[in-house]
Amino acid sequence: QVQLVESGGGLVQAGGSLRLSCVASVTIISLDVMGWYRQAPGKQRELVAGFTSGDNINYADSVKDRFTISRDNAKNTVYLQMNMLKPEDTAVYYCNADIITRFGVRLRGIWGQGTQVTVSS
């Protein structure tokens, strides 16, 4: 079963940085429509940053100028660089993407298992 696997979460002090990575669990052709989401306790899952058609990028207002989404197509990996972290950034962060399998099948809207980010004050 093809899955997305996130890594890079952890505990960091306010003002610190983390870089999250997301990669498919098996060999694939490519990722598409990639995005990072987060869900804090008691809150709905929200979009943090994502690629749209034409390589445009959307950021949540709360993370603009602090977070950067990027991708390495050769490695089929998407990243989220998080700088100047705040306690309110504490959440489980999820990767979401369409996966183009090595058989050419598009699997739409695949979620990773999530990685915990905790920012202490």
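This is a predicted model: local features need pLDDT of at least 70, side-chain atom pairs count only at pLDDT 80 or more; totals for chains, interfaces and linings use all residues.

Visitor: Great, rings to begin with. How many aromatic pairs does the structure hold?
Guide: There are 2 aromatic pairs. In one of them, the ring centres of Tyr37 and Trp111 are 4.9 Å apart and the planes are at 65°, so that pair is edge-to-face. Tyr37 lies in strand β4 and Trp111 in strand β10, so the pair ties together parts 74 residues apart in sequence.

Visitor: And which ring pairs with Trp111 at 6.3 Å?
Guide: That's Tyr94, with the planes at 90°, so this pair is edge-to-face. Ring pairs link Tyr37, Tyr94 and Trp111 into a cluster.

Visitor: Is Tyr94 buried or exposed?
Guide: Tyr94 is buried, with a relative accessible area of 14%. Trp111 counts as partly exposed, at 36%.

Visitor: What sits over the ring of Trp111?
Guide: The charged end of Arg45, 4.5 Å from the ring centre. Over the ring of Phe51 you'll find the charged end of Arg71, 4.4 Å from the centre.

Visitor: Where does Arg71 find its bridge partner?
Guide: In β8, where the partner is Val78. Strands β7 and β8 run antiparallel, joined by 6 bridges, and they form a hairpin with 4 residues between them. Asn76 in the turn has a positive phi of about 50°.

Visitor: Switching topic: where is Asp89?
Guide: Asp89 is in the loop between β8 and β9. Asp89 is buried, at 1% relative accessible area, and its side chain makes a polar contact of 2.9 Å with that of Arg38.

Terms used: Residues are numbered from 1 along each chain as its sequence is written. Side-chain values use heavy atoms; hydrogens and water are left out. Two strands pair if DSSP finds at least two bridges between them. Helices (H or I, at least four residues) and strands (E, at least two) are DSSP runs, numbered from the N terminus. Buried means under 20% relative accessible area, exposed over 50%, partly exposed in between (1.4 Å probe, protein chains only). A polar contact is a pair of N or O atoms within 3.5 Å; within protein, one must be able to donate a hydrogen and the other to accept it, and residues adjacent in sequence count only if both atoms are side-chain atoms. Rings of Phe, Tyr and Trp (its six-membered ring) pair if their centres lie within 6.5 Å; planes under 30 degrees apart count as stacked, over 60 as edge-to-face and the rest as tilted. A charge sits over a ring if NZ of Lys or CZ of Arg is within 6 Å of the ring centre and within 35 degrees of the ring normal.
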